[in-house]
Every structure is written in C-alpha cells, then in structure tokens.
Amino acid sequence: MSSSATAELGAFATFQRSGANTALRLSGRLDSGGVVQAWPTVLEAIGAAAKGTLRVDATEVTFCDGSGIGLFAALIVAWRTAGGTAEVSGLAADILRLVDVAAAVKPLQEPAPTGFIVSSGIATIAMVKTIRDLVTFIGSVILVFVPALLRPWSIRWGDALQAFLKVGVLALPVVCLLCFLIGGIIAFQTIGPMAQYGAKLQVAQVVAVAIVRELGPLITAIILAGRSGSAFAAEIGTMRVTQEIDALSTFGLEPVRFLVVPRMIAAMVATPLLTAFGNLMGLAGGYPVLLANGFTLAQYTGQIQSILTPIDLLQGLVKAFVFAVLVGATGCYCGLRTKEGPGAVGDSTTRAVVAGIVLIVAADAILGSFFHVIGI
C-alpha cells in the first residue's frame with residue numbers, strides 16, 4: 001500500500017495490488033496542481049504492476065479538467081501497452097467519453113532514421129511525382145485555355161488586366177534596373193581580357209549576345225518567379241485555405257478557368273514585353289564602360305547591329321514565353337495544391353518560387369541546346 005496526501009483542495013491517491021489486479025483510488029481536485037501532487041503515486045502504481053487488470057475508483061473526485069483527463073488516459077494507455085486491461089468508474093459520463101477519446105489517440109512516433117540512399121530515393125520519387133502532376137496541370141490548363149481563346153467573351157479580362165498590372169507594369173522598374181546593372185557588369189568584366197587582344201570594342205558584341213540571347217529572358221523570368229509566381233501561389237493558396245475555391249466549385253465555376261487563365265494570359269503577355277525592355281536596358285548598361293574607354297555611341301551601336309540578327313531577338317522572346325508559361329503554371333499549381341494549416345500558404349509560396357526558378361534554369365538549358373542543334 002502506498003499513498004500520496006496533498007494539501008487542502010489538492011488530490012489524494014492510493015493504490016493496492018492483489019495478484020494480477022491493481023486498485024487505484026483517486027479523490028479531490030484533479031486539476032493541474034492536483035495531478036502534479038498525485039502523479040508520483042500513479043507512477044509508483046504503474047511501475048509496480050503495469051499489467052493484469054487495473055480498476056480506477058474516481059467516485060471521490062470532486063473536479064476533473066484536461067489535466068485529470070490526461071492522467072486517466074495515461075493510466076489506460078500504460079496498462080494497454082503492457083497487455084492488460086483498465087477500467088475507470090465513478091466519473092461522469094461526459095468526462096468518461098473524453099477519457100476514452102484521449103486514450104484512443106496514438107502518440108506521435110519519431111520517424112525511423114533513413115540513410116543517404118533512401119533519402120535520395122524518396123526525394124527523387126517526390127520530385128518525379130511533382131513534375132508529373134505539374135505536366136498534368138498544364139495539360140488541364142491548355143484544355144481550358146484554348147476554348148477560352150475561341151470564346152474571348154468568357155475570359156475575365158478585368159482580372160487579366162489587373163494581373164498584367166502586377167506582373168508587367170509594376171515589375172518594369174526592377175527588371176530595367178537589374179538588366180542595366182548586369183549589362184554593365186558583363187562589359188566591365190570582359191573589357192580587361194578583351195583588351196589583351198586589342199578587341200575592346202568587341203565587348204559590345206559580347207554584351208549584346210549575352211543579354212539578348214540569354215540573360216535578358218533569364219533575369220526577367222527569375223524576377224517573374226520571385227514576384228508574380230509567389231503572388232499567384234499566395235493569392236490562390238489563401239483562397240484555398242479560406243475555402244473560396246470550394247465555394248466556386250459548389251456554384252459550378254471551374255477554378256482553372258476562373259483563376260488560372262487570367263493570370264496565365266497576363267504572364268504570357270507581360271514577360272516578352274518585359275524582356276524587350278530588359279534587353280534595351282542591358283545593352284544601355286554596357287555603354288558607360290566603353291564610353292570610359294574612349295568609344296563613341298555610334299561605334300557601340302554599330303557593333304551591336306553587326307552581331308545581332310532578328311533570329312537572336314526571336315530566340316530570346318521564345319525563351320521568355322516558355323518561361324512565362326512555366327512560372328505562371330507553377331505558381332497557380334502550388335496555390336491550388338495548398339494544404340490546410342497556418343503555414344500552408346507560406347509553404348506553397350516557397351515551393352512556387354523554388355520550383356519556378358529550377359524549371360526556368362532547366363528549360364533554358366534545354367532550349368539553348370535545341371537552338372544550338374538546329375543551328376540558330
């Protein structure tokens with residue numbers, strides 16, 4: 001026999017073991033303070049015989065809150081884990097139901113540690129599944145997008161114009177600034193090595209080819225992924241969390257046509273235009289470096305005209321269009337796949353930005369190889 005006496009208004013616990021049977025008697029207030037006072041005796045009872053049959057007499061319990069419910073649940077789980085049975089008597093029916101619910105909840109288990117190979121396999125499977133789902137999503141968007149273009153009156157042009165304002169107009173200053181700085185950096189870094197061969201003026205050609213073919217579309221698309229892709233994911237993800245998308249489906253409005261198509265139109269129109277402005281600012285950024293080395297504006301523009309062709313401009317715009325489709329679709333896809341919870345929108349936004357940038361770089365490598373193979 002062991003007991004634990006407490007102060008006034010506290011809790012009192014005694015237990016007695018008889019063979020495979022254990023009787024535990026609780027009385028007093030089972031609030032947070034009372035549970036702390038009775039807990040040593042309860043632990044002693046569990047350590048003495050956490051098997052067989054446990055009978056808990058709670059007839060003299062005067063108060064029981066969440067702490068007391070947790071105490072009863074811990075006792076029941078301990079006896080069940082040891083292969084025994086536990087019975088609680090003397091509790092009110094509503095409290096007893098809460099005890100049963102608490103005892104039925106399985107404790108969280110730490111995931112088993114995995115090695116590098118297993119972790120790499122899991123990550124690869126998840127990536128392949130995400131790419132497959134994204135391709136499926138792009139296909140569903142096309143199935144909605146093409147009929148919408150054949151019926152322009154069915155497109156929400158107001159939403160598309162508002163998205164174009166965010167994607168294109170508001171992004172113009174930062175795109176122009178970054179492209180201008182990149183053009184200056186390329187010229188500054190290449191003029192030294194080119195000067196060793198007496199080809200300072202040819203720096204203009206290096207800047208022109210790098211900006212128009214590669215960096216102009218790439219920088220614009222990365223900014224699009226950071227600004228617009230994340231905004232698409234956040235806006236649609238918030239609508240998912242607040243069940244607005246479920247409401248659209250209930251009213252018979254397809255979320256892809258209602259939410260995705262206007263944003264895709266805005267991205268596909270704005271990105272090539274932003275790329276054109278970015279190309280101009282990138283070319284302008286390279287001129288101050290040559291100006292400091294004594295070359296005139298006419299010489300600089302002449303070198304650019306001698307190296308660039310309409311195919312180069314078209315190649316950059318094609319890349320920009322493909323990047324716009326990928327980033328817009330990724331942002332909307334991550335928004336529509338937002339889960340429940342307070343951090344779900346943030347997770348979707350992060351996935352949209354990371355996946356968008358990865359897809360941009362991968363698509364740029366594929367398109368660059370394709371253009372090289374076909375000789376343009």
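## A kinked helix

The bend at a residue is the angle between two axes, one fitted to the seven residues ending there and the other to the seven starting there. Helix α7, residues 203-241, has a kink of about 55° centred on Ile 211. Helices here are DSSP runs of H or I with at least four residues, strands are runs of E with at least two, and both are numbered from the N terminus. Just after α7, Gln 243 takes a positive phi of about 65°.

Before going on, please note that this is a predicted model, where local features need pLDDT of at least 70, side-chain atom pairs count only at pLDDT 80 or more, and totals for chains, interfaces and linings use all residues. Residues are numbered from 1 along each chain as its sequence is written, and side-chain values use heavy atoms, leaving out hydrogens and water.

Leaving aside residues up to four places away in sequence, Ser 230 touches Ala 225, Thr 349 and Val 353, where contact means heavy atoms within 4.5 Å.

## Two pockets

A pocket is an open set of points on a 1 Å grid over the protein atoms alone, where a 1.4 Å probe fits and protein lies on both sides within 12 Å along at least five of seven lines; lining residues have an atom within 4 Å of a point. The largest pocket has a volume of about 580 Å³, a volume being the space filled by probe spheres set on the points. Of its 18 lining residues, Ala 126, Thr 130, Ile 131, Tyr 333 and Ala 355 lie nearest the centre. Helix α4 gives the largest share of this lining, seven residues.

The second largest pocket holds about 230 Å³ of space. Its lining has 14 residues, with Asp 159, Ala 163, Lys 166, Glu 235 and Arg 263 nearest the centre. Helices α5 (157-169), α7 and α9 (255-292) each give two or more residues to that lining.

## Parallel strands

Strand β4 (residues 53-64) runs parallel to β3 (residues 21-30), joined by nine bridges; two strands pair if DSSP finds at least two bridges between them. Across this pairing, Ala 23 stands opposite Arg 55 in β4.

Strand β4 also runs parallel to β5 (residues 85-89), with five bridges. Here Leu 54 has Ala 86 in β5 as its bridge partner.
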